[in-house]
Amino acid sequence: IRAVYAGWTRDTSLAQMRADWDALFDGPVTAPCQPVDADGIPAEWITVPGARSDGAVLYLHGGGFQIGSIASHRELMARLSAAAGVRVLGIDYRLAPEHKHPAQVEDACRALRWLLAQGLAPERIALAGDSAGGGLALSALLAMQGEPVRGWSGAVLFSPWADMALTGASHVDGAVDDPLNARPMLQAMARARLGREADPLHPLASPLHASAAALALLPPLLVQVGEREIVRSDAADLVARVQAAGGSAQLQVAPGLFHVYQQFPGLPAAQEAVAAAGRFLAARLGPPAAATVASSNEGPTP
């Protein structure tokens, strides 16, 4: 990652950054992958052999809302599918700065509605995401609280960026030695996403600042973060606020590790983290219905 960062200058185009990021993580994937149109959103089913088809995990990739894609996260989604024993739907939501907030939230909600339209009950649908995608998963869940659908099974958040205003202690006290991210970079990404109009403290932009009543309605959360992360307080404060509101959230902090370490399968801690995430998702989705093991790459079965 540092080598990629080092190769970027002020003259590097955003298109080149996106291509570099996809190339960095777009490795071999043994799981079958099937592109689908999720109500106008480019998407892809990632399904390991034997995965159940009566449930699904909607995965929202990270990348500061400006880079990242299905390609950059396909390998991580495949490992999560294997760990949870269920299909994962990755989507290419609209990116900034071409598409400002709330475009990303709108796309995530549209994907959730699409999954419902395929015949899946909300209790058979979980969410997962990393970094910006982790915050986006929370924003989508908050946005969907205004609809009659209830009972999402849960969400796994890897190093979630949940505070566009960067108000947490790890953002401002300088005590965190983050080897990958810095406050000026996050500030620039937040400006690119929000523009001049959006309020960085609005809950759909920064779900950390949602009301206690809204946080209490979130499904159970598993939040993982590395000790050496500038967004560490996003994770810790989120879990503390959800718990204080009466909701269910658990925090796992990986000593000495960095942002979205789960994306590096060579790290034992990454393997353990994805395994824990898989166990959490499998438990939240409940026992599989009879005869629901995926035998093809078509959409989910009711």
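I began with strand S7 (residues 221-226) and looked up its pairing with S8, which turned out to be parallel and to run over six bridges; within S8, Gln250 is the residue that stands opposite Leu222. I keep in mind throughout that this is a predicted model.

I then looked at what packs on the sheet, and noted that helix H10 (residues 268-285) touches S3, S4, S5, S6, S7 and S8, with a direction that makes about 170° with that of S7.

Next I traced the sheet itself, which is open and built from eight strands in the order S1-S2-S4-S3-S5-S6-S7-S8, with mixed pairing. Strand S1 (33-38) and strand S8 (249-254) are the edge strands, each pairing on one side only, and from one strand to the next I find a twist that averages 20°.

I turned to Gly62, which I located in the loop between strand S3 (52-60) and helix H3 (70-84).

Last, I looked up Thr9, which is found in the loop between helix H1 (2-7) and helix H2 (14-25). Thr9 has 47% relative accessibility and so counts as partly exposed. From Thr9 to Ala283 I noted 274 residues in sequence and 45 Å in space, C-alpha to C-alpha.

Note on methods: Residues are numbered from 1 along each chain as its sequence is written. This is a predicted model: local features need pLDDT of at least 70, side-chain atom pairs count only at pLDDT 80 or more; totals for chains, interfaces and linings use all residues. Side-chain values use heavy atoms; hydrogens and water are left out. Helices (H or I, at least four residues) and strands (E, at least two) are DSSP runs, numbered from the N terminus. Buried means under 20% relative accessible area, exposed over 50%, partly exposed in between (1.4 Å probe, protein chains only). Two strands pair if DSSP finds at least two bridges between them. Axes are lines fitted to C-alpha atoms, for helices over the stretch in contact, and angles run from 0 to 180 degrees between N-to-C directions. Contact means heavy atoms within 4.5 Å.
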